[in-house]
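User: Please take a close look at a single part of this model and describe it at residue level. Connect it to its surroundings, and give the cut-offs behind the terms as they come up.

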Amino acid sequence: MDDKTIFRLNDDISFRKCSLFDGDELTFGNCTNFSTAERNWRTYYSCNQDGIHFHCTTHPEIELEVEDESYGNVTYRCPKCRKSIEVENRRELKNSCLRMLNIPEFKDAKLIRLDDWYVHEIKEKVKEESGYWLTTNVKTDKDGDTIIVVYVGHKDSNEKVQFFIKPEKGQLTSDHKDMDPAKILSKIEVHFKGRKLTQDFDND
């Protein structure tokens, strides 16, 4: 991201990431509050504000100055409009900025639910003379939604087809890691209230 980007936090305060946001560097770049340390005969610069600098929202090109600070509270002041902005917790202010920076970072993130739990309700296994077996398993997730799991397989094989029917959501899905449904099924049809879902399988 362009290091000249200014992010709006609220009507009073905006902020930016300085050149030292990602760690110590050999130059201070556009950081205006830094400290130095000597390592391996070289001077490294680090930001004293964790790489976050506060700007006036009305005048975003102007960085706020610290007018007063005591017991964790800090008052910023814009040198152009001379408006004073009191902040009760500077650390929480920085955390708010970091949370905003995380929004675009995780916008397209893959959601993995680690806290799912299921309550067993019904389980039935049917074996027909055709040589195929069918098992149904009705579960309820923590949100109270029903999941009907249908397993279909051949008596001479450990492979199976697995379908998930979600009546409340009107969904029919299958587990692609299992056997290809076309090997044992030609069609599956599920009737919901006011809706019918059909999946045809072509063995070609």
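An open sheet is formed by 3 strands in the order β1-β2-β5, with antiparallel pairing. β1 (7–8) and β5 are the edge strands; each has a single partner strand, so one side of each is left without a neighbour in the sheet. Strands here are DSSP runs of E of at least two residues, helices are runs of H or I of at least four, and both are numbered from the N terminus. Two strands count as paired if DSSP finds at least two bridges between them. Strands of a sheet pair through backbone hydrogen bonds, either parallel or antiparallel.

This is a predicted model, in which local features need pLDDT of at least 70 and side-chain atom pairs count only at pLDDT 80 or more, while totals for chains, interfaces and linings use all residues. Residues are numbered from 1 along each chain as its sequence is written, and side-chain values use heavy atoms, leaving out hydrogens and water.

Within the sheet, β1 and β2 are antiparallel and share 2 bridges, with R8 opposite S14 of β2. On the other pairing, β2 and β5 run antiparallel and are joined by 5 bridges. One of the pairs there is R16 with its bridge partner H53 in β5.

β5 is mostly covered, with 5 of its 5 residues buried. Buried means under 20% relative accessible area, exposed means over 50%, and partly exposed is in between (1.4 Å probe, protein chains only). The cover is on both faces of β5: I52, F54 and C56 are buried on one side, and H53 and H55 on the other.

On which residues does E63 make side-chain polar contacts? E63 is located in the loop between β5 (52–56) and β6 (65–70). Its side chain makes a polar contact of 3.1 Å with that of R16, and another of 2.8 Å with the side chain of H53. R16 and H53 are also the bridge partners named above, so E63 is in polar contact with both residues of that pair. A polar contact is a pair of N or O atoms within 3.5 Å; within protein, one must be able to donate a hydrogen and the other to accept it, and residues adjacent in sequence count only if both atoms are side-chain atoms. Apart from neighbours within four places in sequence, E63 is in contact (heavy atoms within 4.5 Å) with R16, T32, Q49, H53, F54, H55 and P79.

L93 is in contact with L9, I13, F54, Y76 and V87, leaving aside residues within four places in sequence.

α1 lies across β1, β2 and β5, and runs at about 95° to β5. Such angles run from 0 to 180 degrees between N-to-C directions, and the axes are lines fitted to C-alpha atoms, for helices over the stretch in contact.

α1 also has a place beside another sheet. This open sheet has 3 strands in the order β6-β7-β8, paired antiparallel. Neighbouring strands are turned by 20° against each other on average, direction ignored. β7 and β8 are joined by 4 bridges in the antiparallel sense, and Y76 stands opposite I85 of β8. α1 packs on this sheet, touching β6, β7 and β8, and its direction makes about 65° with that of β7.

D68 lies in strand β6 and is partly exposed, because its relative accessibility is 44%. D68 touches N73, V74 and T75, not counting residues up to four places away in sequence.

For the protein as a whole, the secondary structure comes to 1 helix and 15 strands. Of its 204 residues, 30% count as buried.
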